[in-house]
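Here is a quick walk through a two-chain model, from single residues out to the contact between the chains. Keep the viewer open as you read.

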Amino acid sequence: MMNQKTTEQTLLSIKNLSTYFHTPEGVIRAVEGVNFDILKGACLGVLGESGCGKSVTALSIMQLIPSPPGEISSGSIQFAGKDLLRFSSRQMRSIRGKEISMIFQEPMTSLNPVYTVGNQIGETYRIHEGLDARQAKEKSIEMLSLVGIPSPQKRVDEYPHQLSGGMRQRVMIAMAIGCQPKLLIADEPTTALDVTIQAQILDLMAGLQEEMGMSIMMITHDLGVIAEISDKVVVMYAGQVVEQSSIDELFKHPLHPYSRGLLNSIPKLGDKFVRGKQPLREISGQVPDLINLPSGCLFASRCPKVEKKCLENVPQLIEIAPGHDVRCWLAG
Amino acid sequence: MLAYIIRRMFQAVAICLVISAMSFFMLFLNTDPALMLLPPEAEVADIAAFKKQMGLDRPVLIQYKDFLGRVVFHGDFGQSFVYKVPAVQLIMERFPATLRLALAAIVFINLVAIPVGVISAVKRGSFVDNIFTFFALMGQAMPLYWLGIMLIIIFGVWLRWLPISGSDSFAHLILPAITLGSWILPVNMRLVRSGMLDVLNKDYIRTARAKGLPEWLVLGKHAFKNAILPLVTVIGMQLGLLLGGAVVTETVFAWPGMGQLVLDSIHMGDYPVVQAVVVVFAVCVVVGNLVADILAALIDPRIRLN
């Protein structure tokens, strides 16, 4: 019974997703066997460093992986009960921008420089809701004011280069939520912005989420952003999910050595610099080459507690406590 | 936008002035028309008398001032030394045909280069792309006169589809325009292809796809307008290349343009005609560039607002 209820509340369910890139140097296993769910109206944080596969996972959901060389080689992506991977490109287009929207890291380059922001926001309405140019413009003005852009009647006719970075990200958000999507994928939406603007954008997103009841998949390498907005967190490393739990649980009881390393690397207010003692902690070593993955645990080469078994056998993602999964031989 | 156009027009006028001065002084420094026009056995006194009669004995700056005044206010470049008629008249009889040919070549070039470049970029590395690249290289490698003659043989003599000489109708324009354009066509094709490839990797293309736009809108609206910009800016310059390069084509197709006149005037030191030609070409290139700049500013707001 409990299980059935969970299924009803699940908006997106990714099962065993693998996305590979076929390059002359070999197959890059960018995403390997990823599983996670996003519940209706919830915000899932996807945490990890550059190249860990979080953006590729997002682009796989949108089916915007450049192909070739990219290819979703296995798995399923259930969205509102339907497997997106079985959709035709036409069906997928009707989902993109309407049911699932995405905003990107670089608001500077993610808007087309030669069209007005009104044109670019209005496009979504014209494509998905069949509005004419005038109606689309009215809706665009409405959306600009919803995302907190002052004098939207004037801004609607401006070009991206006339707006600041924060404003452009607001425009991106306006564009993404225009058709009231069920899921908003935000790929490092605040990374390119000043800290004060970051907070404004996160507040805006949280507010809109509450108002519209949409789910958010927040991709970031910033623990602060995750803490601010997410309910649940997925930690990714080298294309795999290594830990998955509620946000409180992760901050209080991180189980995977990588998650611990990430949490430890946050400088704490009041930490004193002592000569000879490193003031900023890091996770030593490097992410393994995704073409020649080591056998055993992918984090083993950087793990402070590595054991023989870690180098030989691949750990599975297992539930250690209710709602807390971890991929580590030493956990639990 | 208006301020931008006015500013560019002032620049254009300034460029025309500089070019007129350069053409005037360079010819003056390189040749002595009196020596070229008079027979070799002419006496020194005869030469002096001739120079006085033609006004060639006065200081250079005074001559330039007169020249500019006549050109600007009367469109008068002086009498041709060889033909004894106004230089402008000689040019105006022939220039329209050359301009028509050059413009036809531009239209032909871009009608082919744009779609072919776009297809090559979208189907990068495919068989179609390789075929287009092959033909482009071939087009660039072929000498104009040879291509012209081949086209005449195939379409004029064997198939009898198109006229091979003269300029009476639109049909007469086709083979010369293809011949003249074949040399620049590959350049523009590569330009569109690389512009398109560059744009297709941009973040805003991913954004357009993420919005659920159909691929024809992604390519035709979001990519194309950005990709076309480098092409627009070179078309203005290419007008000059085509006007200058028309000589061979005109000869092959007996096109009544000014190509032969230009060559003859240079050889014979008929410098009123040469100056007039240089200035007319320069004005064409400047106007071409002005139009290109205005088009570029219409396409990309960042240009007109800076």
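Leaving out neighbours within four places in sequence, A:Thr19 is in contact with A:Ile28, A:Arg29, A:Ala30, A:Val31, A:Val56, A:Ser60, A:Ile65, A:Glu71, A:Ile72 and A:Ser73. The residue sits in strand 1 of chain A, which runs over residues 10-23. Bear in mind that this is a predicted model. A:Thr19 has 0% relative accessibility, so it counts as buried; the cut-off for that label is under 20%.

Now for the greasy parts. In soluble globular proteins, nonpolar side chains tend to be buried together. Here the largest nonpolar core holds 72 residues, and A:Ile185, A:Met205 and A:Met217 have the most contacts inside it. Helix 8 of chain A (residues 165-177) gives the most to this core, with eight residues.

Which residues does A:Met217 touch, not counting those up to four places away in sequence? They are A:Phe36, A:Ile38, A:Leu44, A:Val46, A:Thr57, A:Ala58, A:Ile61, A:Leu183, A:Leu184, A:Ile185 and A:Ala186.

## Chain B on its own

Chain B has 15 helices and zero strands. Its C-alpha trace spans about 85 × 55 × 30 Å along the principal axes. Of the 306 residues in chain B, 46% are buried. Take the contacts in chain B with a separation of 6 or more: residues 24 or more positions apart account for 74% of them.

From C-alpha to C-alpha, B:His267 lies 17 Å from B:Thr251, and the two are 16 residues apart in sequence.

## Where the chains meet

How much area do chain B and chain A bury between them? About 2200 Å², with 60% of it on carbon and sulfur atoms. The contact draws on 27 residues from chain A and 21 residues from chain B.

On the polar side, 14 residue pairs are in polar contact between the two chains, counting pairs with both residues at pLDDT 80 or more. The elements of chain B that give two or more residues to its side of the contact are helix 10 (203-210), helix 11 (215-227) and helix 15 (301-305). Helix 10 gives the most, with six residues. By type, the chain B side divides into nine charged, eight nonpolar and four polar residues. The rule finds two salt bridges across the interface. In a salt bridge between A:Glu123 and B:Lys211, the side chains meet at 2.5 Å, N to O.

## A serine facing both chains

A:Ser110 belongs to helix 4 of chain A (residues 107-110). Which residues does A:Ser110 touch, not counting those up to four places away in sequence? In chain A they are A:Phe104 and A:Met172, and in chain B they are B:Asp203, B:Tyr204, B:Arg206 and B:Thr207.

The relative accessible area of A:Ser110 is 1%, so this serine is buried. Its side chain also reaches the backbone oxygen of A:Glu106, at 2.7 Å.

Notes
Residues are numbered from 1 along each chain as its sequence is written. Chains are lettered from A and ligands numbered from 1 in the order in which they are written. This is a predicted model: local features need pLDDT of at least 70, side-chain atom pairs count only at pLDDT 80 or more; totals for chains, interfaces and linings use all residues. Side-chain values use heavy atoms; hydrogens and water are left out. Contact means heavy atoms within 4.5 Å. Buried area is the accessible area (1.4 Å probe) that two parts lose on being put together, summed over both. A salt bridge is a side-chain nitrogen of Lys or Arg within 4 Å of a carboxyl oxygen of Asp or Glu. A polar contact is a pair of N or O atoms within 3.5 Å; within protein, one must be able to donate a hydrogen and the other to accept it, and residues adjacent in sequence count only if both atoms are side-chain atoms. Helices (H or I, at least four residues) and strands (E, at least two) are DSSP runs, numbered from the N terminus. Ala, Val, Leu, Ile, Met, Phe, Trp, Tyr, Cys and Pro count as nonpolar, Asp, Glu, Lys and Arg as charged, and the others, Gly among them, as polar. A nonpolar core is a set of buried Ala, Val, Leu, Ile, Met, Phe, Trp, Tyr and Cys residues joined through side-chain atoms within 4.5 Å. Buried means under 20% relative accessible area, exposed over 50%, partly exposed in between (1.4 Å probe, protein chains only).
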